[in-house]
Amino acid sequence: MASSVVSSYLRGYADPLIGALPALSRPLHHIICIPLCDEDARFLETLESLTQVEGSADALVVLIVNGAEDADDSLHRRNEAFLIWLRALLGSSDDALSICEWQGLKLLVVDCATEGRRLPAKQGVGLARKMAGDLALALYAAGTMTSPWMSCTDADVQLPRDYLTALPPAEAPHAAALYPFRHILEGSPTQRDAMLRYECYLHYFVLGMRWAGSPYAYHSIGSSFAVHLERYAAVRGFPRRRAAEDFYLLNKLKKQAPFVQLETDPILIRGRESDR
């Protein structure tokens, strides 16, 4: 049975998308949420790594393909081409929400990229992650998802085999669980050098915060954390931001309860170029 905090959030703050949630054929244990915007066929590498994760056969993978109304037409065309490729690969329908199975994975494909289904102007990955989180919370409240942990990652990763089995038990007193990560150095020498400098900067920042005794000495990277859904509801979910939604959610969660650093193999993040 959902707690009063969860019920209150679902009534007053959840995205309306939860009302269109299709039924699952059976209860599942884990849920993994991935926003997808301006992706390409290399996403297959992420899906293939998911098939090797222990416990993935008992998980639902939520894929939110998204683009905002005010994005460039070229991005919308790339999103539409990606959706065609993804649906052909997975055998999913062209409905707004479609459940399908692929290589032992159960997936929920959410189309927020087709004209008429896009995110509102000035919205972005924060709203996409909120939609995925709210769907996860609705499934958890209904008893269809038995673990209170929602794993959040991105489209450009390779996940370790113990990605799900390393999560804390349901009763653990943690608001979030943080995975180790490492960027894959690829591309031109300039790109590889930039990625190495960026990763050094990320670790230097956290080490400096730890040296200063700050309670916020942790990485806030959207590819590499999991959230306890009861705590997610208590802080009213992901903020609707175009960027830094991971930082602001974790900042709110840290005020609720401690975080735990997981001792898994690192999540490998591709060193792709970005226009951000």
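Helices here are DSSP runs of H or I with at least four residues, numbered from the N terminus. With that in hand, a word on the source: the model is a predicted one.

Let us start with the aromatic rings, where the count comes to twelve pairs. One of them joins Phe82 and Trp85 in a tilted arrangement, with 5.5 Å from centre to centre and 35 degrees between the planes. Helix α3, residues 73-90, holds both Phe82 and Trp85, and they sit three residues apart, about one turn of the helix. Their surroundings are worth a look too. Phe82 has 3% relative accessibility and therefore counts as buried, while Trp85, at 25%, counts as partly exposed.

## Other aromatic contacts

Phe247 and Tyr248 give you another geometry to compare. Their planes stand at 90 degrees and their ring centres are 5.1 Å apart, so this pair is edge-to-face. Phe247 is partly exposed, its relative accessible area being 40%. Tyr248 is partly exposed as well, with a value of 35%.

Ring pairs also build a cluster, whose members are Tyr9, Tyr13, Phe225, Tyr232 and Phe238. A charge meets a ring at Phe259: Lys254 lies over the face of that residue, 4.9 Å from the ring centre.

## Helix α4

Now for a quick check on helix geometry. Helix α4 covers residues 125-141, and at 1.5 Å a residue its 17 residues should span 24 Å. The expected span takes 1.5 Å times one less than the number of residues.

Most of α4 is covered, with 15 of its 17 residues buried. Just after the helix comes Gly143, which takes a positive phi of about 80 degrees.

## The cavity

What about empty space inside? Rolling a probe the size of a water molecule over the atoms shows where such space is left. Across the whole structure, the search finds one cavity of 30 Å³ or more. The largest cavity contains about 30 Å³ of space.

By class, the lining of the largest cavity has two nonpolar residues and three polar ones, with no charged residues.

Note on methods. Residues are numbered from 1 along each chain as its sequence is written. This is a predicted model: local features need pLDDT of at least 70, side-chain atom pairs count only at pLDDT 80 or more; totals for chains, interfaces and linings use all residues. Side-chain values use heavy atoms; hydrogens and water are left out. Helices (H or I, at least four residues) and strands (E, at least two) are DSSP runs, numbered from the N terminus. Buried means under 20% relative accessible area, exposed over 50%, partly exposed in between (1.4 Å probe, protein chains only). Rings of Phe, Tyr and Trp (its six-membered ring) pair if their centres lie within 6.5 Å; planes under 30 degrees apart count as stacked, over 60 as edge-to-face and the rest as tilted. A charge sits over a ring if NZ of Lys or CZ of Arg is within 6 Å of the ring centre and within 35 degrees of the ring normal. On a 1 Å grid over the protein atoms alone, a cavity is a set of points where a 1.4 Å probe fits but cannot get out, and a pocket is an open set with protein on both sides within 12 Å along at least five of seven lines; lining residues have an atom within 4 Å of a point. Grid points are joined across faces, edges and corners, and a volume is the space filled by probe spheres set on the points. Ala, Val, Leu, Ile, Met, Phe, Trp, Tyr, Cys and Pro count as nonpolar, Asp, Glu, Lys and Arg as charged, and the others, Gly among them, as polar.
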